[in-house]
Amino acid sequence: MVHSDTIAAVSTPVGEGGISILRLSGPQSRVILETLFSPLPDVFTPFHLYLGMINEPETGDPLDQVLVVRMEVGRSYTREEMAEIHCHGGYLVAGKILQLLLHQGARLAEPGEFTRRAFLSGRLDLVQAESVADLVTAGNEQAMQVAIRQLAGGLSGQLITLEQRLSRQLAALEVELDLLEEEGLSLTTRLMVDELDVLREEVKQLLSSYDEGRTLVDGLRVVLVGRPNVGKSSLLNALLGRERAIVTEIPGTTRDVVSESLALGGMRVEIADTAGICQPADEVERLGVARTDEWMKMADIVIMVIDNTRIPTVEDILIYQRLIAQRHLVVVNKNDLPAAAGEKQLKEFFDGDIPFIYTTVRKDQVDVGELKMKLREIIEEDFKNFSGEQVICHLRHKILLEKVLGYLQHSLKLLSASRPLLDMVAEELQQARLALREITGQQWDGDLLDTIFANFCVGK
């Protein structure tokens with residue numbers, strides 16, 4: 001796709017720094033750069049850095065000493081004429097140069113528009129484009145490696161191979177439709193069953209990697225739950241090492257979910273403090289408890305917090321029963337104060353051999369070391385067997401692969417009939433093929449691209 005306009009943006013983070021980089025992409029990139037830069041070389045060789053000045057075009061006043069580089073059509077990130085200006089970092093200089101670029105006819109790029117143009121030009125497929133954002137936001141070594149492999153085309157290649165194998169089966173089926181429909185299951189069709197069975201298992205394997213892939217990209221989601229005023233907000237603040245949630249002695253202070261991320265065990269961990277679970281006294285409390293339930297369902301780990309100074313109640317049992325099917329930890333908070341019930345009593349009360357974790361979170365005394373160590377152990381256990389094989393990380397990929405799996409399973413079911421309806425099998429395989437093409441972006445629409453690239457930042 002050829003764009004007639006030229007876009008510009010600051011591609012480095014906003015703020016003070018050694019350098020900032022501004023990007024231009026589009027047919028006017030070179031003209032705009034030549035208008036503002038001096039001294040112009042006799043030959044503006046692509047991919048060569050030139051030292052010079054960016055000047056106000058009307059007055060000729062110098063604005064900054066910069067390095068510039070131009071990239072020619074077909075050999076740039078977007079495959080358009082591109083240019084970069086490496087100026088001194090800071091809010092003012094980069095902002096002023098961006099204003100000059102816009103005054104010369106460039107348009108401010110939308111979020112992800114450079115990568116969107118790279119996709120539309122065929123420079124990247126959609127999985128690779130998504131991996132650019134994953135690489136930029138990678139919070140740990142494994143996530144970075146996954147993003148690099150996907151940017152290099154690893155997952156795309158696997159998906160394209162699956163689609164090609166499906167296409168071959170579809171072509172063979174069409175021959176069957178012409179020649180053998182009246183004779184029942186032919187040798188070719190029986191071989192097709194074997195191949196579809198293999199494809200189904202490969203799709204299942206990819207789908208099974210989603211939880212690992214999502215956690216790598218998004219981090220581990222940990223949700224704190226419990227009765228009101230057991231110290232969940234204090235625990236959140238202690239884990240973060242700063243005051244993020246409001247803490248008071250008044251029960252029910254937390255009405256909504258408060259979440260924040262921290263790095264733990266080389267992994268980004270999102271910790272969420274939730275409203276205390278109780279019999280709601282008003283609409284606000286009802287909504288708060290409903291929101292807590294939603295976050296519990298999304299959690300990778302639910303941490304139930306109980307108060308060491310209070311005898312557990314039937315409410316604690318009911319909360320524990322709500323989370324018992326999920327991976328969970330039970331934290332006994334306020335461990336520095338006299339216990340209302342010993343560990344033996346707690347285990348009898350909860351009717352289980354629960355490995356309680358003890359924390360102390362008070363203004364002048366904080367001890368969450370045991371909890372942090374346990375979370376690190378979980379992270380290490382989860383990823384110690386990380387193979388480095390291709391994983392899927394995005395819900396979009398998971399949903400489409402689930403569709404592919406459904407079409408394959410239905411196809412195999414149809415083929416298991418004594419007189420299979422081959423035209424229906426062909427339709428199922430065609431839909432599976434289209435779903436695979438949608439993942440890699442061989443099949444797309446504007447709404448899909450808007451959704452994906454809306455999550456990018458400007459300049460990427």
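Analyst: N229 is partly exposed, because its relative accessible area is 25% and that class runs between buried (under 20%) and exposed (over 50%), with a 1.4 Å probe and protein chains only. N229 sits in the loop between β8 (220-226) and α9 (232-240). Helices (H or I, at least four residues) and strands (E, at least two) are DSSP runs, numbered from the N terminus. The phi angle of N229 is near 65°, a positive value in a residue other than glycine.

This is a predicted model, where local features need pLDDT of at least 70 and side-chain atom pairs count only at pLDDT 80 or more, while totals for chains, interfaces and linings use all residues. Residues are numbered from 1 along each chain as its sequence is written, and side-chain values use heavy atoms, with hydrogens and water left out.

K334 also has a positive phi, near 65°, and is not glycine. Its loop runs between β12 (328-333) and α12 (343-350). Another backbone feature is the cis peptide bond from S38 to P39, with omega near -5°. P39 belongs to the loop between β3 (37-38) and β4 (50-55).

Next, the aromatic rings. Rings of Phe, Tyr and Trp (its six-membered ring) pair if their centres lie within 6.5 Å; planes under 30 degrees apart are stacked, over 60 edge-to-face, and the rest tilted. The whole structure holds six aromatic pairs. F349 and F350 form an edge-to-face pair, because their centres are 5.5 Å apart and their planes stand at 85°. F349 is partly exposed at 32% relative accessibility, whereas F350 is buried at 6%. Ring pairs join F349 and F350 with Y320 and F356 in a cluster.

R23 meets a ring as well. Its charged end sits over the ring of F114, 5.3 Å from the centre. The rule asks for NZ of Lys or CZ of Arg within 6 Å of the ring centre and within 35 degrees of the ring normal.

Now the spaces. On a 1 Å grid over the protein atoms alone, a cavity is a set of points where a 1.4 Å probe fits but cannot get out; a pocket is an open set with protein on both sides within 12 Å along at least five of seven lines; lining residues have an atom within 4 Å of a point. Points join across faces, edges and corners, and a volume is the space filled by probe spheres set on them.

The second largest pocket has a volume of about 520 Å³. It has 23 lining residues, with E130, D134, H394, I452 and N455 nearest its centre. They divide into 12 nonpolar, four polar and seven charged. Here Ala, Val, Leu, Ile, Met, Phe, Trp, Tyr, Cys and Pro are nonpolar, Asp, Glu, Lys and Arg charged, and the others, Gly among them, polar. α4 (126-137), α8 (210-218), α14 (395-415) and α16 (446-453) each give at least two residues. The largest share, six residues, comes from α4.

V136 also lies in α4. It is partly exposed at 48% relative accessibility. V136 and K460 are 324 residues apart in sequence, yet 9.2 Å apart in space, C-alpha to C-alpha.

Two cavities reach 30 Å³ or more.
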